[in-house]
Every structure is written in structure tokens, then in C-alpha cells.
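User: Can you walk me through this one? I'd like to start with the sheets, then move to the ligand.

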Amino acid sequence: MSTVIIGAGHAGVQAAESLRTEGYADRIVLLDKAEHLPYQRPPLSKDYIKAGGDPAPLPLRGAAFYGEHDIDLRTGVEVVRIDSQAQLVFVKGGEPIPYNELIIAAGAEARRAHCAGNGLEGINYLRTVEDAETLRAQLDRGYGRVVVVGAGFIGLEFAAVAAQRGLDVTVIDFAQRPMQRVLSPSMSDYFTQVHTDLGVKLHFDEGLDHFVGEQGRVTAVAGTSGVTYPCDFAVVGLGVVTDEDLAAAGRIECDRGILVDEYLSTNVPHVYAIGDLAVFPSHHFGGNLRLESVQNATDMAKTVAKTIAGNPSRYDIAPWFWSNQGPVKLQIAGLADPADVVIERGNRSTGKFSQFLFRDGQLVAVESVNAPADHVAARKLLEHDAGITMEQARDHDFDLKAYARNLSSSAMTPS
Ligand SMILES: Cc1cc2nc3c(=O)[nH]c(=O)nc-3n(C[C@H](O)[C@H](O)[C@H](O)COP(=O)(O)OP(=O)(O)OC[C@H]3O[C@@H](n4cnc5c(N)ncnc54)[C@H](O)[C@@H]3O)c2cc1C
């Protein structure tokens, strides 16, 4: 008997560990096409590219961990095909590997810019440690102009570091405001100010039209408004795409990711999908959802491990996320919608506050700025479906921490 895991990222490594924690005693084979010891991605747009940042990517687990847990980690091994009838995975240049249970945890790739000039030198993405190394080398010069395409989390995290390191930073996005897809409008406004204070020039309603180059290297980014932004290099942060080919060839259903049910099972028996590539039914969202976060990857991994170890478990967790941008640690619990009613606690002028978001009178999300205690309390509330009322949120004497503490406790660790 064996479980094969495709992808040794946050989801795959956690799944392997959790299988052992849950008492799974059979063989675990963990495959990754990257050559590295599996590493953490979030620092790549944060501490790793700061001045004097970590010399090497932070490993997800120490090198000894895999042997100690009898996990057969094979790096530099790319899965090229799944035969779900014969229960085999085919790898590049190697023998097919049989499985009894298969977990697909292959993550996602940075979405490429499809426009004229996209093959020029100096156009960068930020997903892997190789990408981060290239960018770090540019940042180490400590000067120059960079244009960031995309005001999402990764683009803005990079922009903040680059500005703090003395570069001239411009960000363009076809959206109307920073992190539009995931933040309330008033929190976006706050981040506009944060980045402006750092010296970042933000241009919204400005799509990427094409890249301009000389002698094979990018020299400017042309926006859809007709304005051209000169640069020495560019960073593209347009989100991610999942590789559906691998799954589709194995007759596994996909729709902008691999479709799973609440047990994280695909339509094919004994095949599960977790992490960035899994599209799952969410009662917190009220529909199908695909999330790109460490919380989602690790919690899905823990859930699927329980099921495979003989304790079928549903995945139904209130999502949470964090992002570091300049002086701000943003933490989000739940999922915001632009139409939500916002109640602010704390004072944004102090740089430490939270926004409580209500939909139809129910608490649905909390966005916290440098307020980790609020975030931890919010996660507890949302996890227990024990939202506070709008009156309580407005009442600054209401003791949120005490209220959350009194809810039956569950394992929670602030990131
Ligand atoms: C720069 C950056 C900053 C981020 N910051 C944050 C943050 O602050 N907070 C947060 O919550 N999230 C953050 N994220 C998102 C978070 O890192 C992802 O949600 C998380 O990595 C998803 O884990 P995963 O295991 O699903 O995918 P991944 O971590 O992408 O792992 C997938 C693995 O599968 C391997 N693989 C793919 N295809 C194959 C194949 N065919 N054969 C073998 N191996 C394969 C890949 O090499 C990879 O190692 C950040 C991401 C990036 C890139």
C-alpha cells in the first residue's frame, strides 16, 4: 500500500507529515520537480529579498525530517502523466510509480503576460526561489527604476521592499484600487496611502499594453492609457494559473483548478487534490472557491490526511491570510466583498486597527492592520460561526478578546 503525493510545497509536505501524525503506516512517496529541499514561498517576496535577507530559502522542514518520518522524498522528479485506471503516475525519465491513494498538490505557476515584448530580458515573475534570486540581484544594486505590473499581494509586497531599498518604483494595475479582489475599498485606500508614503507611484485603471525594449532588454512598460513608464526591469504579478493538463489527462475534472468535494476527493476514486490548485465547495463563501494561501494548503493537507488514514473529514475552515507591506502587517480572516458594511475598531491614524465586515448583519470578515490580537479573535469567531453583532463591533468598550476566549478553544497559532 502507498500514498503518492505530487508536489512538495506547503500542501504536499504537510500532507506527508499529517499522514504520519494520523497513524498512516504505509509507504509515502513525495515527488517534486524542483531540485531543492522543499521551501517556504511567503518569505520570497518579503524577508528573502530585503537587504541582508536570508542567504537560502527557508526550508519547510529540516533535511532530516523526511527520513525520520519514513517519507520517501524525491526531488527533481517531474510527474508527466497520471493513469487513474492503472493507478500509476508517470515521471520524466523514470519508472512509473504505483499508488493506492494519490494526492495532487502541484500548486500553481505565475500567470505570464501575453503581450508584445513579453520575451524581453528584465521581465521577471515571482513564484520560485530562482525568481527571487534574480530579483534580489537587481535590488542589491540599490538603485534603478522598476515597474510592477499588478497591485495584488505579491506585486505590492515586492514594491514595498524595492521602495525601502531605494529604487524608483511604479505600480500599474487595470483595477481601481490595491488588492481589489480581496480587500474592502476602505482598506484598499489605507494601502494606497501606505505605498504612497513609501514613495511608490501607483497608477490604477492602467492595464499592461506591451513591453518596450532595446537590444533585447526591457526599457519601459506601455500602459493601456497610452502612457509609457520607463524602467530598468519589470516585475509581473498577475496572479497564478494551475496546470490542468496533468489532471485532465487522468480524467480528473477541472474548472480553473481541480474540482474536489468537501472531502477533497476528485471525481476519480482514490485521487485527491489540495492547496493552490484545488477548487472546493465553501460554506463560508457559499460556492466553489480556490484559495492561494498557506493556511488553505496546510489545512487541506491535514484534512485529507485524516481521510486517507481512515477518519473521513470534511474541509470547512474559515480562510485567513497575511501580507507584509512596508511597516504594515495585514491579516485577513474570512472573505471580503466590496458591498460589505465596514465597522472600524481602533484608529487607523495610529497604524493599528481592524475593520469588521458585515453582510446581511452577519460578521463575514475582519481585516487587521498591525493588530494580531484582533486577528486571532476574529478567526475564532468565524471558525465557530459565532459572529458578534454590529452594535458590539461599534462599541469600543466591548471586550472582543474575552468574548473570543470564551468560545470553546481550538488550535490556533498566529502567523
Ligand atoms: C512570493 C510569494 C509570496 C506569498 N506570500 C504569502 C503570504 O504572505 N501568505 C500566504 O498565506 N500565502 C502566501 N503565498 C501563497 C502560498 O505560498 C501558496 O498558497 C502556497 O505555496 C500553496 O502551496 P501548494 O503546496 O499548494 O503549492 P506550492 O507551494 O506551489 O507547491 C507545489 C509544488 O509542486 C511542484 N510541482 C508542480 N508540478 C509538478 C509536477 N508535474 N511534478 C512534480 N512536482 C510538481 C512544484 O515544484 C512545487 O514545489 C505566497 C506565494 C508566493 C509565490
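Analyst: Ile 258 has Ala 278 in strand 20 as its bridge partner. Strands here are DSSP runs of E with at least two residues, helices are runs of H or I with at least four, and both are numbered from the N terminus.

User: Is this model predicted or experimental, and how are residues numbered?

Analyst: This is a predicted model, where local features need pLDDT of at least 70, side-chain atom pairs count only at pLDDT 80 or more, and totals for chains, interfaces and linings use all residues. Residues are numbered from 1 along each chain as its sequence is written, and side-chain values use heavy atoms, with hydrogens and water left out.

User: Back to strand 20. In which sense does strand 18 pair with strand 20?

Analyst: Parallel, over two bridges; strand 20 covers residues 278-282. Two strands pair if DSSP finds at least two bridges between them.

User: What is the strand order in that open sheet?

Analyst: The order is 18-20-21, with mixed pairing. Strand 18 (258-259) and strand 21 (287-289) are the edge strands, and each pairs on one side only.

User: And the open sheet of five strands, what is its order?

Analyst: That one runs 3-2-1-7-19, with parallel pairing. Strand 3 (71-75) and strand 19 (271-273) each have a single partner strand, so one side of each has no neighbour in the sheet.

User: Where do strand 2 and strand 3 meet?

Analyst: They pair in the parallel sense over five bridges.

User: Now the ligand. Which residues come nearest?

Analyst: Ala 11, Asp 32, Lys 46, Arg 127 and Asp 276, out of 29 residues around the ligand. Near means a heavy atom within 4 Å.

User: Which elements supply at least two residues of that shell?

Analyst: Among them are helix 1 (10-21), strand 2 (27-32), helix 7 (294-308) and strand 22 (320-325).

User: Why does the ligand lie between two domains?

Analyst: Domain 1 (2-108 + 242-308) and domain 2 (123-239) both give residues to the shell, so the ligand lies between them. The domain bounds come from an automatic or database assignment.

User: What polar atoms lie by the ligand's oxygen and nitrogen atoms?

Analyst: A polar side-chain atom of Asp 276 is 2.6 Å from a ligand oxygen. A polar backbone atom of His 10 is 3.2 Å from a ligand oxygen. For a ligand nitrogen, a polar backbone atom of Val 79 is at 2.9 Å.

User: How much of the ligand does the protein cover?

Analyst: 95% of the 1,000 Å² of accessible area that the ligand has on its own. Areas come from the Shrake-Rupley method with a 1.4 Å probe.

Notes:
Polar contact = N/O pair within 3.5 Å; in protein donor to acceptor, adjacent residues only side chain to side chain.
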